Amino acid sequence: MPRLALYALVVCVLSVVAAVVAFVQGSLLGIVWVLLAGLTSNMTWYYVRRAKAENQAKAAVAPTA
């Protein structure tokens with residue numbers, strides 16, 4: 001897993017936890033945390049798919065012996 005994808009995943013998990021805590025405390029600030037979780041989730045998928053596509057492109061170019 002690429003490093004940026006891993007960082008985005010960590011931020012996603014932390015923002016979900018923060019959203020749960022905020023909603024349990026009755027704060028509507030949890031909405032912001034949910035939005036951040038959605039953004040970082042998309043970033044994680046993007047970086048994983050980009051790395052996978054790069055690896056496939058390298059494999060297609062490299063000659064197999």
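Modeller: A residue is called buried under 20% relative accessible area, exposed over 50%, and partly exposed in between. Please keep in mind that this is a predicted model.

Colleague: Which class does Tyr46 fall into, then?

Modeller: Tyr46 has a relative accessibility of 48%, so it counts as partly exposed.

Colleague: How many aromatic pairs does the structure hold?

Modeller: There is 1 aromatic pair in the structure. It is formed by Tyr46 and Tyr47, with ring centres 5.3 Å apart.

Colleague: Is that pair stacked or edge-to-face?

Modeller: The planes of the Tyr46 and Tyr47 rings stand at 65 degrees, so the pair is edge-to-face. The cut-off for that label is an angle over 60 degrees.

Colleague: Let us turn to the helices. At what angle do helix 1 and helix 2 pack?

Modeller: Helix 1 covers residues 3-24 and helix 2 covers residues 30-61; they pack at about 160 degrees, and their axes are 8 Å apart. The two helices are therefore roughly antiparallel to each other. Their crossing is left-handed.

Colleague: Which residues make the contact?

Modeller: On helix 1 they include Leu4, Ala5, Ala8, Leu9 and Val11, and also Val16 and Phe23. On helix 2, Gly30, Ile31, Trp33, Ser41, Tyr47 and Val48 are among them.

Colleague: And what is the make-up of that contact by class?

Modeller: The contact of helix 1 with helix 2 has 19 nonpolar residues and 5 polar ones, with no charged residues.

Colleague: You mentioned Val48. What does it touch beyond its neighbours in sequence?

Modeller: Setting aside residues within four places in sequence, Val48 is in contact with Met1 and Ala5. Val48 and Ala5 are 43 residues apart in sequence, yet their C-alpha atoms are 6.1 Å apart.

Colleague: How accessible is Val48?

Modeller: Val48, a residue of helix 2, has 26% relative accessibility and therefore counts as partly exposed.

Colleague: What about Ser41, is it buried or partly exposed?

Modeller: Ser41 also belongs to helix 2. Its relative accessibility is 24%, so Ser41 counts as partly exposed. From Ser41 to Asn55 there are 14 residues in sequence and 21 Å in space, C-alpha to C-alpha.

Terms used: Residues are numbered from 1 along each chain as its sequence is written. This is a predicted model: local features need pLDDT of at least 70, side-chain atom pairs count only at pLDDT 80 or more; totals for chains, interfaces and linings use all residues. Side-chain values use heavy atoms; hydrogens and water are left out. Axes are lines fitted to C-alpha atoms, for helices over the stretch in contact, and angles run from 0 to 180 degrees between N-to-C directions. Helices (H or I, at least four residues) and strands (E, at least two) are DSSP runs, numbered from the N terminus. Angles under 35 degrees count as roughly parallel, over 145 as roughly antiparallel, 65 to 115 as roughly perpendicular and the rest as oblique. A crossing is left-handed if the near helix is turned anticlockwise from the far one by less than a right angle, and right-handed if clockwise. Contact means heavy atoms within 4.5 Å. Ala, Val, Leu, Ile, Met, Phe, Trp, Tyr, Cys and Pro count as nonpolar, Asp, Glu, Lys and Arg as charged, and the others, Gly among them, as polar. Rings of Phe, Tyr and Trp (its six-membered ring) pair if their centres lie within 6.5 Å; planes under 30 degrees apart count as stacked, over 60 as edge-to-face and the rest as tilted. Buried means under 20% relative accessible area, exposed over 50%, partly exposed in between (1.4 Å probe, protein chains only).
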